[in-house]
Amino acid sequence: MSDNDNLTSSCCCSGSPQDLGTTVINRAATNLLEPASDETTCPVMPGTPVNKAAAEAAGLFRDYHGQRYWLCCRGCGPRFDRDPDKYASAA
Ligand SMILES: [Zn+2]
């Protein structure tokens, strides 16, 4: 698994921006009542906004030590798995 990550290490967020972007937009449009509470940031790439519902729908999240972390893209999953303590403490 970690070997795969090398192939996409140039930029973890450039893999499939259209795919995730469409999901986020659609989900955001149906969550107008709670626009703020559904947003967080990716622990692997601090400052990158993540829509929780969209991330969960895409499988882009990790449960670690009873805490859930939402990831901005597929490239961040293996990175989080490789060093979860680093990213969990930074979140
Ligand atoms: Zn990412």
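Let's start with the contacts of Leu60: setting aside neighbours within four places in sequence, Leu60 touches Ala55, Trp70, Leu71, Cys73, Arg74 and Gly77, where contact means C-beta atoms, placed from the backbone, within 7 Å. A word on the source: this is a predicted model, where local features need pLDDT of at least 70 and side-chain atom pairs count only at pLDDT 80 or more, while totals for chains, interfaces and linings use all residues. Residues are numbered from 1 along each chain as its sequence is written.

So is Leu60 buried or exposed? Leu60 is buried, because 24 other C-beta atoms lie within 10 Å; the cut-offs are 20 or more for buried, 12 or fewer for exposed, and partly exposed in between, with C-beta atoms placed from the backbone. Leu60 sits in the loop between helix H3 (52-57) and strand S3 (61-64). Helices (H or I, at least four residues) and strands (E, at least two) are DSSP runs, numbered from the N terminus. Gly75 is 15 residues from Leu60 in sequence, and their C-alpha atoms are 9.4 Å apart.

On to the strands, friends. S3 pairs with S4 (residues 67-70) in the antiparallel sense over four bridges; pairing requires at least two DSSP bridges. One example is Asp63, whose bridge partner in S4 is Arg68. The S3–S4 hairpin has two residues between the strands, and His65 there takes a positive phi near 55 degrees.

Last stop, Pro84, in helix H5 (residues 84-90). Pro84 is partly exposed, because 15 other C-beta atoms lie within 10 Å. Tyr64 is 20 residues away from Pro84 in sequence, with 7.6 Å between their C-alpha atoms.

Methods. Contact = placed C-beta atoms within 7 Å.
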